[in-house]
Amino acid sequence: MKIQSFGLNGSSELDRAIKELAAQEGGCSFLAVHHREGCLDPTALSDVAGAVHCATSCGGIMMQQGVSDIGLFAISDPDGDYGTACVQISDDTYAAARAATQKAISRADREGEAPDLIWISITPGNEEDALKGIEDVVGSDVPIIGGSAADDTVSGRWSVSDTQDTHNAGIVVSALFCSTPLHIAYQSGYEPTPHTGVATKTHGRTLLEIDGKPAAQVYTSWNQGTVPTAKLGEPVNILSQATLWPVGRQTSSLCDVPYFLLAHPCASNPDGSIELFAEINEGERLTQMTGNKDVLAARGGRVAEFALKSGNVPNHQVEGALVVYCGGCMLAVQDQLEDVYSGVNKALDDKPFLGVFTFGEQGRVHGVGNRHGNLMISCVAFSKSE
């Protein structure tokens, strides 16, 4: 296996990178392309021989050298098999995800087999249903890693593509059958506070009550009024203020350290309810989480370290990595992005990586399985050939 990454700005740089990939020995088996909204026409990649996975990313991407508009992550793996498929989502996210997964595995020519990894990008909405659809095809033991496509202003200018099909409401699934081991981590950079309560009334991604009281009333008491509540009969956008004050659900623990899956509040409603970017189930215990910019800036490197530790792999044995870093976290630490990518560089021994900024993160929770969360960070590290 050989991995290359490219940080690009403009069509001329993209053309040169595509020509370089086409000319290299072994060809391109899989190409992950993440880019800022409006900076790439996916059909420009239609001549790439391998499976191509495209999705938009908030504000661009990060890699070894910094932040760019377009990022390419190219795997050359003649002994592996790779397939990608993009399907539009209309009313049934579960069915779309299932169809995309079946098609991706078929394109990898590995029907009836479970891949080593599913890499996904999905437009924001019903990510939980998408995970169920994928697992219906590959089972629950296959790690699903990826993120929700993003734009710069949360205005719906996101998209996903496999170069043949591009959708503003869709999912792109890549099935990776790798010839070398891979190692993953999926974590957050937030700490629990003493404030907890039970979600006593919910409806999908709307949290109506905590401990029998209006959710917004309880939530604002937990964060001491740092995050505003709705007034004068109009909803209030709280996305930015809530970035450092998500709610967490303890899903497991590792070495007696609790693991929290986060949900990001995005709006406070006049009826006292709160809208989130992830589903909350009635009966779940919620914990007020808190974060700070310095910890979030350092967390990218820490998650990359955890990915290597999960497989007891020294960083000199890494060929490259895909990193998912929440777009909300990125915006919160925008003036410290150099700390983010330099931390990843150090953890990976300056190997090629591509980091995408997403509006929702999908990953594998230790001892629990594949889950959708917010304000999370993940890393997939690919080992060198034996």
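Student: What should I know about the model before we start?

Tutor: This is a predicted model, where local features need pLDDT of at least 70, side-chain atom pairs count only at pLDDT 80 or more, and totals for chains, interfaces and linings use all residues. Residues are numbered from 1 along each chain as its sequence is written, and side-chain values use heavy atoms, with hydrogens and water left out.

Student: Good. How many salt bridges does a search of the whole structure find?

Tutor: The search finds 14. A salt bridge here is a side-chain nitrogen of Lys or Arg within 4 Å of a carboxyl oxygen of Asp or Glu.

Student: Pick one for me. What does Asp152 pair with?

Tutor: Asp152 forms a salt bridge with Arg36, at 2.7 Å from N to O. Asp152 sits in the loop between strand E9 (144-148) and strand E10 (160-161), and Arg36 in the loop between strand E2 (30-35) and strand E3 (51-56), so the pair ties together parts that are 116 residues apart in sequence. Those labels are DSSP runs numbered from the N terminus, with helices (H or I) of at least four residues and strands (E) of at least two.

Student: Which residues are in a network with them?

Tutor: Arg36, Asp69 and Asp152 are linked in a network of salt bridges.

Student: And what about Arg249, where is its partner?

Tutor: Arg249 pairs with Glu284, with 4.0 Å between the closest N and O atoms. Arg249 is in strand E18 (residues 247-254), while Glu284 is in the loop between strand E21 (274-276) and strand E22 (285-290), 35 residues apart. Arg249 is buried at 7%, whereas Glu284 is partly exposed at 22%.

Student: Changing topic: what does Val142 touch?

Tutor: Leaving out residues up to four places away in sequence, Val142 touches Ala114, Pro115, Asp116, Leu117, Ile118, Arg364 and Asn370. Contact means heavy atoms within 4.5 Å. Val142 lies in the loop between helix H3 (127-138) and E9, and at 5% relative accessibility Val142 is buried.

Student: Now the sheet. What is the strand order?

Tutor: It is an open sheet of 6 strands in the order E5-E4-E24-E23-E27-E13, with mixed pairing. Two strands pair if DSSP finds at least two bridges between them. Strand E5 (66-68) and strand E13 (182-188) are at the edges with a single partner strand each, so one side of each is left without a neighbour in the sheet.

Student: How many bridges join E23 to E24?

Tutor: There are 6, and strand E23 (residues 318-326) and strand E24 (residues 353-358) run parallel.

Student: Which strands does helix H5 touch?

Tutor: Helix H5 (residues 293-310) packs on the sheet against E13, E23 and strand E27 (376-383), and its direction makes about 145° with that of E13. Helix H7 (residues 337-347) lies across strand E4 (61-63), E5, E23 and E24, at about 140° to E24. For these angles, axes are lines fitted to C-alpha atoms, for helices over the stretch in contact, and angles run from 0 to 180 degrees between N-to-C directions.

Note on methods: Buried < 20%, exposed > 50% of the residue type's maximum accessible area, 1.4 Å probe, protein only.
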